[in-house]
Amino acid sequence: MPTSPATAANSSSNGTPQAILLELVDEHGNTIGTAEKLSAHQAPGQLHRAFSVFLFDERGRLLLQRRALGKYHSPGVWSNTCCGHPYPGEAPFAAAARRTHEELGISPSLLAEAGTVRYNHPDPDSGLVEQEFNHLFVGMVQAPLRPDPEEVGETAFVTPEELADRHAEAPFSAWFMTVLDAARPAIKELTGPSGGW
């Protein structure tokens, strides 16, 4: 992966993990500071920049991932293709492409901005809070997946009908429906009217 000033600032040369910093924002998405990742998610939560990616195959099916059981936040639940946080100073588009490659081993095709959404979602299981100003992206999967098992427990491509069935039966992330609904106009534009999204 190419090193940018943002990624260099969040990596360590001696192998010890550094604290991951998130970009704090105001209600309009303007940067106002930084906070350590875990502290930003502790109740009541600090509003920070995030991103969510929705990738589709050539049949118009959405790629879901089940978060790995070892993750400290929302382990083992299903969610959108990829989500995360830009490093301070990193463009959300670049962060979305970077994390999709890190988690799933693919580079999205036709990745496009799909708006933003602001939400406040407490997670009752962990007690953590998602106070996020979320940048949305949609695109295509056109290469075999190579998921990182420390990040991703399972993947699935689903139609809208299959998603509804799965959502009724399996646990999903607290933010999933909020980001999906906010991205729907761009998803419909990408997948076409026959896609059913």
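User: How many residues lie between E7 and E8 in their hairpin, and which residue in the turn has a positive phi?

Analyst: This is a predicted model. In it, six residues separate E7 from E8 in the hairpin. Gly127, in the turn, has a positive phi of about 80°.

User: How do E7 and E8 run, and how many bridges join them?

Analyst: E7 and strand E8 (residues 129-140) run antiparallel, joined by ten bridges. Within this pairing, Glu113 is opposite Phe137 in E8.

User: Which backbone angles deserve a second look?

Analyst: Most peptide bonds are trans, and most residues other than glycine have a negative phi.

User: Where is Ser74, and is Ser74 buried or exposed?

Analyst: Ser74 sits in the loop that connects strand E4 (62-67) with strand E5 (78-79). Its relative accessible area is 5%, and because the cut-off for buried is under 20%, Ser74 counts as buried.

User: Where is Leu110, and is Leu110 buried or exposed?

Analyst: Leu110 belongs to strand E7 (residues 109-122), one of the two strands of the hairpin. With a relative accessible area of 61%, Leu110 is exposed, since exposed means over 50%.

Technical notes. Residues are numbered from 1 along each chain as its sequence is written. This is a predicted model: local features need pLDDT of at least 70, side-chain atom pairs count only at pLDDT 80 or more; totals for chains, interfaces and linings use all residues. Side-chain values use heavy atoms; hydrogens and water are left out. Helices (H or I, at least four residues) and strands (E, at least two) are DSSP runs, numbered from the N terminus. Buried means under 20% relative accessible area, exposed over 50%, partly exposed in between (1.4 Å probe, protein chains only). Two strands pair if DSSP finds at least two bridges between them.
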